[in-house]
Amino acid sequence: MKKNAMFKVMKISVRISVLIVTTAFVMIYLSGCNQSELKSIEARVKQLEADNELYKKKVERLDAVQEIQNLMGRYVWEHEVQKDPEFIDTKFAISPDVSWEVAHLGFYQGREAVKEILDQHGPKGGAIAPGTLFLHTLTTPVIEIAEDGMTAKGVWKSPGAETSTDPKTGKLMGMWAWTKYACDFIKEEGKWKILHYHVYRIFMTPADMNYTDEYEHKVLAKAIAGAVGGGSQPSSKKQPTTYDNPFKTTFVPELVPAPPVPYKTFSETFSYGKPAAETGTKK
């Protein structure tokens with residue numbers, strides 16, 4: 001410990017010495033300059049300071065984008081092995097405005113409600129069931145960091161696959177599961193966390209069925225009516241879904257969720273949480 005402290009003091013001393021010497025040389029140089037040259041030097045110094053501040057902000061924004069990509073990437077990697085009950089502490093914000101919404105499964109707001117629904121997505125009986133698969137990829141990201149650096153927004157498309165249970169036979173069956181992700185993020189204690197988590201259905205259909213056969217509307221909707229998924233009971237804190245429009249043959253594409261655009265601070269942009277009128281969606 002003493003050696004480390006000594007090295008730190010030596011480093012500081014060296015830096016101070018370099019600064020003093022540099023300052024001395026600058027003062028000697030400036031003393032031989034006329035007023036015109038001094039003004040030119042001052043202008044260049046100001047421009048360098050402005051450029052330095054600009055690049056500093058750009059680096060901070062790039063770091064934020066990378067951290068958010070990693071946060072979402074870890075979410076889908078860990079969801080694959082059903083670590084969802086841990087996410088309330090590792091992925092989600094402390095803010096009471098935190099929310100979770102997945103397509104038809106409902107809207108949950110507040111840490112207690114989000115924790116309850118995440119707990120229901122953990123492995124039943126503490127062990128992952130054989131044949132389980134939750135494969136959710138993240139593509140086509142659009143991420144915007146607020147000018148104030150305190151919040152961010154991002155959207156992704158997610159081509160994926162899952163195993164499900166055939167409601168008629170009770171046997172496992174492979175499903176194509178395509179969705180879209182839209183999230184608001186907040187920086188808490190220097191770390192990026194999810195403030196609003198929202199997943200929208202595109203389509204889910206058995207791997208051997210054409211998605212235009214409308215499996216979700218003709219079969220799945222009846223099987224999941226009133227359920228959270230996987231046989232779980234619905235949460236008492238469940239609120240109505242703000243938006244859910246999976247594919248059917250009368251489907252017309254909408255820009256939902258709306259990709260984020262540059263913004264200064266969160267109060268001037270829309271939210272991917274509730275209410276729907278502020279999410280870039282339609283009811």
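A residue is called buried under 20% relative accessible area, exposed over 50% and partly exposed in between (1.4 Å probe, protein chains only). The structure is a predicted model, in which local features need pLDDT of at least 70, side-chain atom pairs count only at pLDDT 80 or more, and totals for chains, interfaces and linings use all residues. Residues are numbered from 1 along each chain as its sequence is written, and side-chain values use heavy atoms, with hydrogens and water left out.

**Exercise 1.** Determine which residue forms a salt bridge with arginine 201, and whether arginine 201 is buried or exposed.

*Solution.* A salt bridge requires a side-chain nitrogen of Lys or Arg within 4 Å of a carboxyl oxygen of Asp or Glu. For arginine 201 the partner is glutamate 216, with the closest N and O atoms 3.1 Å apart. Arginine 201 belongs to strand 7 (residues 191–206) and glutamate 216 to helix 5 (residues 215–224), so the pair ties together parts 15 residues apart in sequence. Helices (H or I, at least four residues) and strands (E, at least two) are DSSP runs, numbered from the N terminus. Arginine 201 has a relative accessible area of 16% and is therefore buried; glutamate 216, at 4%, also counts as buried.

**Exercise 2.** State where aspartate 89 and arginine 111 lie, and classify the accessibility of each.

*Solution.* The two side chains meet in a salt bridge at 3.6 Å, N to O. Aspartate 89 lies in helix 3 and arginine 111 in helix 4 (residues 111–119), so parts 22 residues apart in sequence are tied together. Aspartate 89 is exposed at 56% relative accessibility, whereas arginine 111 is partly exposed at 26%.
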